[in-house]
Amino acid sequence: MEPVLRLAVREDSAAVAELGRASVLELFPAFHDAVETASAAKHITTLDPALIDDGTYYVHEVGGEIVACGGWSRRNKLFNASTAGADDRLLDPATEPARIRAMFVRSDWTRRGLARAILTACTDAARAEGFTRLALMSTLPGVPLYKAFGFVEVAPAELPMPDGVVLAGVAMERSIEENTQ
């Protein structure tokens, strides 16, 4: 069966969180120790309901199962666990980049273009709202995907989790006008 890309609904939240936790537990140990992986699995995988409410979060569904998810935001929050300095204000498309958020793909569905399709949908939707740039805060496992989609590294970052654990990350950006291939 072919995956179907659709906007997420509130009823998808538990499945999205489960997919995110499974992805973190599988991918993070190659980049992070056990404490960092456990913290990430707890704190970066709970879906921000504003993404669904704003109509900016997508899922790929196959046979009733969510196998990939991700979205974008027009709000000033860079990643799920971010709380310090975050606010819920709407970004100004003329001067600020839209945010790519909460991308996860189930391990048996990787390398099939699902993440790229979600990123393309996000790019097209942000462009339609007047944004000219995208920004994201990548965890280390996500950097290769984002680079392949045209994002460039802006700066290394430290991502503080609510439990005091700090993850290594990378701030990345790209122009929306670039080819999404």
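**Entry 1. Ground rules**

I call a residue buried under 20% relative accessible area, exposed over 50%, and partly exposed in between, using a 1.4 Å probe and protein chains only. The model is predicted, so I noted its limits: local features need pLDDT of at least 70, side-chain atom pairs count only at pLDDT 80 or more, and totals for chains, interfaces and linings use all residues. Residues are numbered from 1 along each chain as its sequence is written, and side-chain values use heavy atoms, with hydrogens and water left out.

**Entry 2. The whole chain**

I began with the overall build. The protein has five helices and seven strands. I take helices (H or I, at least four residues) and strands (E, at least two) as DSSP runs, numbered from the N terminus. In sequence order I read β-α-α-α-β-β-β-α-β-α-β-β.

Next I looked up the dimensions. The C-alpha trace spans about 40 × 40 × 30 Å along its principal axes. The radius of gyration, taken over C-alpha atoms, is compared with a globule rule of 2.2 Å times the number of residues to the power 0.38. For 181 residues, a compact globule would come near 16 Å; the protein has 15 Å, which agrees.

Then I checked burial and surface. Of the 181 residues, 50% count as buried. The protein exposes about 8600 Å², and carbon and sulfur atoms supply 55% of that area. Accessible areas come from the Shrake-Rupley method with a 1.4 Å probe; for residues, only the protein chains shown count as cover.

I also looked at contacts, meaning heavy atoms within 4.5 Å. Among contacts between residues at least 6 apart in sequence, 67% join residues at least 24 apart.

**Entry 3. Charges and salt bridges**

I found 18 positive and 25 negative side chains. Lys and Arg count as positive, Asp and Glu as negative; His and the chain ends are not counted. Each charge is placed at NZ of Lys, CZ of Arg, CG of Asp or CD of Glu. The centres of the two sets lie 2 Å apart.

How many salt bridges does the structure hold? It holds twelve. Here a salt bridge is a side-chain nitrogen of Lys or Arg within 4 Å of a carboxyl oxygen of Asp or Glu.

I started with Arg10 and Asp53, whose side chains meet in a salt bridge at 2.6 Å, N to O. Arg10 sits in the loop between strand S1 (4-7) and helix H1 (13-27), and Asp53 sits in helix H3 (residues 49-53), so the pair ties together parts 43 residues apart in sequence. Arg10 is partly exposed, at 44% relative accessible area.

Asp54 and Arg75 came next, at 2.7 Å, N to O. Asp54 lies in the loop between H3 and strand S2 (57-62), and Arg75 in the loop between strand S3 (65-73) and strand S4 (98-105), so this pair ties together parts 21 residues apart in sequence. Are Asp54 and Arg75 buried or exposed? Both are buried.

Glu153 is partly exposed at 42%, and Lys147 is partly exposed at 47%. I also noted a network: salt bridges with shared partners join Arg6, Asp12 and Glu61.

**Entry 4. Two buried residues**

I looked up Trp109, in the loop between S4 and helix H4 (114-128). Trp109 is buried, with a relative accessible area of 12%. Which residues does Trp109 contact, leaving aside neighbours within four places in sequence? They are Met1, Pro3, Val62, Val67 and Leu114. Pro3 is 106 residues away along the chain, yet the C-alpha atoms of Trp109 and Pro3 are separated by 9.6 Å.

Thr37 was next, in helix H2 (residues 34-43). Thr37 is buried too, at 6%. Not counting residues up to four places away, Thr37 touches Val24, Leu25, Phe28, Pro29 and His32.

**Entry 5. Positive phi**

Most residues other than glycine have a negative phi.

Ala102 lies in strand S4 and is buried at 17%.

Arg111 is in the loop between S4 and H4 and counts as exposed at 86%.
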